[in-house]
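Let's take a friendly walk through this structure, looking at its pockets and at a couple of residues along the way. Keep the 3D view open as you read.

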Amino acid sequence: MKKSYSQFNLLSNKLLYGTKEKKSFFDYFLPKYRYLQIEVPYYEFLRGEVFVEDLKDLFEEAPQNLSLYHLIALLYFDFLEQVKKGAKYEQICPFLISSKKTFLERPMIE
């Protein structure tokens, strides 16, 4: 058996297992996925669940295992795809800020 000169044995792993996508040095040490935590009021969560059930009832092509999680993930990845395709940051930032004020901040009652 040959001696490995690296603690992580990166070259041997690369040759044995290979990969189709290009990886940087840090990709070997950092996980590929991150978790995103979203907090919504319970009533809004229930509205989302009802919306997903309505989608499944109304559209035959909607997968039966569709959940609110899948819907949020689809919307998130669609947003990221639009950004990658060249959406202008000057348009995205004001839209996100105005949406935050409209939908996420509670109205102040005096």
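In this predicted model, the lining of the largest pocket is made up of 21 nonpolar, four polar and seven charged residues. The pocket itself has a volume of about 1500 Å³. Among its 32 lining residues, Ile38, Val40, Ile72, Phe103 and Leu104 are the closest to the centre. Helices H2, H3 and H4 (89-104) each contribute at least two residues to this lining, and H3 gives the largest share, with 10 residues.

| Pocket | Volume | Lining residues by type |
|---|---|---|
| Largest pocket | about 1500 Å³ | 21 nonpolar, four polar, seven charged |
| Second largest pocket | about 650 Å³ | 10 nonpolar, no polar, four charged |

Now for two single residues. Find Phe45 in helix H2. Is Phe45 buried, partly exposed or exposed? Its relative accessible area is 34%, so Phe45 counts as partly exposed, since that class runs between the 20% and 50% cut-offs. Leaving aside residues up to four places away in sequence, Phe45 touches Val40 and Leu68. Phe45 and Leu68 are 23 residues apart along the chain, with 8.4 Å between their C-alpha atoms.

Next, look at the loop between helix H2 (42-58) and helix H3 (68-84), where you will find Gln64. Gln64 is exposed because its relative accessibility is 59%, and the cut-off for exposed is over 50%. From Gln64 to Val52 the C-alpha distance is 10.0 Å, and the two are 12 residues apart in sequence.

Conventions:
Residues numbered from 1 in each chain as written. Predicted model: local features only at pLDDT ≥ 70, side-chain atom pairs only at ≥ 80, totals over all residues. Heavy atoms only, no water. Helix = DSSP H or I, 4+ residues; strand = E, 2+ residues; numbered from the N terminus. Buried < 20%, exposed > 50% of the residue type's maximum accessible area, 1.4 Å probe, protein only. Contact = heavy atoms within 4.5 Å. 1 Å grid on protein atoms, 1.4 Å probe; cavity = no way out; pocket = protein on both sides within 12 Å on 5 of 7 lines; lining within 4 Å. Points joined across faces, edges and corners; volume = space filled by probe spheres on them. Nonpolar A, V, L, I, M, F, W, Y, C, P; charged D, E, K, R; others polar.
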